[in-house]
Amino acid sequence: MKRNVYLNMKSIEAARQIMFDQFPGADESGAEDIDSVDALGRILAEPAVAALSAPNYHAAAMDGIALDAKLSFGASDDEPKILVSGKDAFWINTGHVMPEGTNAVIMIEHLNVIDSVKNGSSNGSSIEINSPAFPWQNVRKMGEDIVATELIFPRGHKITSYSLGALIAGGVFRVSVKKKPKVLIIPTGSELKSWQYANDNGLKPGDVIDSNSWVLGALCVEYGASFESHAIIHDEIEIIMDAVREATLSSYDMVFIIGGSSAGSKDYAKPVIDSLGEVFVHGVTMMPGKPLLFGKVNEKPVFGIPGYPVSAVVAFEQFAGPLLLKMHGLNPAAKQRETIDVVPARKIASKLGVEEFLRVKIGSVDGRFMASQLPRGAGSITTLTEADGIIRIPPHVEGIAEKEIVKAELIRPLAAIEDTVVITGSHDNTLDLLADQICRTRPGVTISSSHVGSMGGLMAIRKKTCHVAGSHLLDPEDGSYNISYIKKYLPGERVWLVNLVMREQGLIVAGGNPEKIKGLDDLKKKELVFINRQGGAGTRVLLDYKLKELGMTPADIRGYENEEYTHMSVAVAVLSGRADAGMGIYAAAKALSLDFIPVFTESYDLVIPDRFFHTEKIQVLLETIKTNDFKKRVGELGGYGTETTGEAILLES
Ligand SMILES: Nc1nc2c(c(=O)[nH]1)N[C@H]1C(S)=C(S)[C@@H](COP(=O)(O)OP(=O)(O)OC[C@H]3O[C@@H](n4cnc5c(N)ncnc54)[C@H](O)[C@@H]3O)O[C@H]1N2
Ligand code: MOO
């Protein structure tokens, strides 16, 4: 099988130019007539002209009396005027037709009814007024809002919820709108399974759930198009070819082939488009999304969308999406996101020659928007779901220095970013629980946490890039937690130390504990293999402290020098049989159904600078951790104590 090579990578701008040039008439797609009430989000193909006026009569705008304003002229406190109800003045309610001969309304609050109950409409009641009315006061004149025959909206207007009100009030009950472009999405790949299949059968190694069809379908809808999904097609070129041929000959306006766009031996998108039509672009200098393919078959645009989920999204948002907008009669830039100035929390490297779409979390700390980079992997959809924004690094730029101000496109609203508590440091599952629980205390307040270890958290406080650090640093000198580290690394900072939980650290061993391990002492047995954590990890510091207490040395333990970087990878080492025991937290053992032998209870604390401590969102966070609900849920996780949860001390170092 011949492999594809990207002979001619194009810049985003050049590739887009080719795309729009190839479909100059894209915006001349047809129109259809529909009921106005069904037209939300649609684009007017013809102007909407009012058939009725609104209001279509002179209407009282207030409750009171209607009169000819002339009768009230000259009225004052000293010389009030008396009107006779039924003759000079007529009781009227808001919205009612103004009686013949009247042109003003005086509000009921400004009337003094002399010889009858207020609101009564009996003839002969006298009403005193002590200020004049001016003509048309408190009257909504006929056509005040909309005049029949006037233009309500020009063609190209996108119908909003407000627009529906104007159309219906103006008597426009049917509208001519642009037809929605219709997309056929074809997922390809022998590894792909539908979610329904996964639901019924589970997944085997090598199976991948087709999630892209759903993401791209939803994006089509967001961009005003409709879509249908083809059944998954295995890596068989003839079948993919048939599907594309058939789609381009039927009513679809655009076709996506997902997957198989790059250089693999089973990557068929290019040969398919090539043999049915013409390929214009294969390869764009952007990342993710580099292998994007674009061509024409039977006069219809066909895209080869890269299979990695983030690549697929970028390919859509940079190419297929803007073309859909144009087909729908909209400006292709209509979906451009707002940008803000952000400061990277650390320097960011970037590859020369490609435009990188870097997903970042953004936090508002000390009046600056700090951006922390999320993992770059195009295979991780969570790098988009976790992101607050996207920093685009142009092809000629090699990276961004720490604290260099750059633009970020916003994915989440700014107000939500302002309401986010940024927590950096050691990870613990109770932080996830807190993130879920906090919106019960105050909807809108959210937590964004990144995991860089306890020391990383303290450094983030020092660099002013977070509000809260999660930390469990044991001082082996005296067995205290965090305090001596704060004194050493945050000199001059007033910080609060708040206990989140007490957490059990222990030995993670195989299910059923076949080696009958009871504690650290047992690790002296030469037939047992240990798996350690990396130097500097809180858990490693703890192990060394306990070993010293027990009078043991590293030489006593086989495997002491083998290191892993997370609790979970220690648990995986035990599960795979590579080690008999490792130190870690209960949650990691539980996640893989391993056994756990408690060794020590440590303090997992939140470090919060005093200048943030009294802010509303931090108070909401503190309130949340003190709730019984939160403590109960922590208890249910197992391996935690909450007796001291929420206890806070102020440290001035
Ligand atoms: N030798 C090279 N290999 C690759 C290159 C390259 O330049 N040279 N480019 C890489 C880049 S960049 C990308 S992006 C990917 C895109 O490859 P394909 O479009 O050919 O996609 P597949 O290989 O079919 O799939 C990649 C990945 O995505 C999963 N996938 C596919 N379809 C779906 C779907 N509908 N829903 C969810 N996930 C899907 C698929 O299982 C793979 O894991 O190529 C690199 N390779
Ligand atoms: O360009 Mo690929 O799209 O990096 O993942």
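This is a predicted model: local features need pLDDT of at least 70, side-chain atom pairs count only at pLDDT 80 or more; totals for chains, interfaces and linings use all residues.
Trainee: OK, and which strands does E33 pair with?
Mentor: One partner is strand E35 (residues 581-585), in the parallel sense over 2 bridges. Strand E34 (residues 563-564) also pairs with E33 in the parallel sense, again over 2 bridges.

Trainee: What stands opposite isoleucine 531 in E35? And opposite asparagine 532 in E34?
Mentor: For isoleucine 531, look for glycine 582 in E35. For asparagine 532, look for glutamate 563 in E34.

Trainee: Which helix does the chain go through from E33 to E34?
Mentor: Helix H13, residues 538-549. That β-α-β crossover is right-handed.

Trainee: Switching to the other end. What about strand E1 (residues 31-35), how many of its 5 residues are buried?
Mentor: The count is 0, so to speak a strand that is hardly covered. E1 does have a partner, though: strand E12 (residues 174-178) pairs with E1 in the antiparallel sense over 5 bridges. Within that pair, glutamate 32 is opposite valine 177.

Trainee: Now helices. At what angle do H1 and H7 pack?
Mentor: H1 (residues 12-22) and H7 (residues 309-327) pack at about 35°, and their axes are 11 Å apart. The crossing of H1 past H7 is right-handed.

Trainee: Which residues meet there?
Mentor: H1 brings Ile12, Arg16, Met19 and Phe20. From H7 come Gln318, Phe319, Pro322, Leu323 and Lys326. The residues of this contact divide into 6 nonpolar, 1 polar and 2 charged.

Trainee: And where is tyrosine 308?
Mentor: In the loop between strand E21 (300-305) and H7.

Trainee: Why does tyrosine 308 count as buried?
Mentor: Because 23 other C-beta atoms lie within 10 Å of its own, and the cut-off for buried is 20 or more.

Trainee: Which residues does tyrosine 308 touch?
Mentor: Leaving out residues up to four places away in sequence, tyrosine 308 touches Pro288, Ala378 and Gly379. Also have a look at isoleucine 258: tyrosine 308 and isoleucine 258 are 50 residues apart in sequence and 9.2 Å apart in space, C-alpha to C-alpha.

Conventions:
Residues are numbered from 1 along each chain as its sequence is written. Chains are lettered from A and ligands numbered from 1 in the order in which they are written. Two strands pair if DSSP finds at least two bridges between them. Helices (H or I, at least four residues) and strands (E, at least two) are DSSP runs, numbered from the N terminus. A crossover is right-handed if, with the strands pointing away from the viewer, the path from the first strand over the helix to the second runs clockwise. Axes are lines fitted to C-alpha atoms, for helices over the stretch in contact, and angles run from 0 to 180 degrees between N-to-C directions. A crossing is left-handed if the near helix is turned anticlockwise from the far one by less than a right angle, and right-handed if clockwise. Two residues are in contact if their C-beta atoms, placed from the backbone, lie within 7 Å. Ala, Val, Leu, Ile, Met, Phe, Trp, Tyr, Cys and Pro count as nonpolar, Asp, Glu, Lys and Arg as charged, and the others, Gly among them, as polar. A residue is buried if 20 or more other C-beta atoms lie within 10 Å of its own, exposed if 12 or fewer, and partly exposed in between; C-beta atoms are placed from the backbone.
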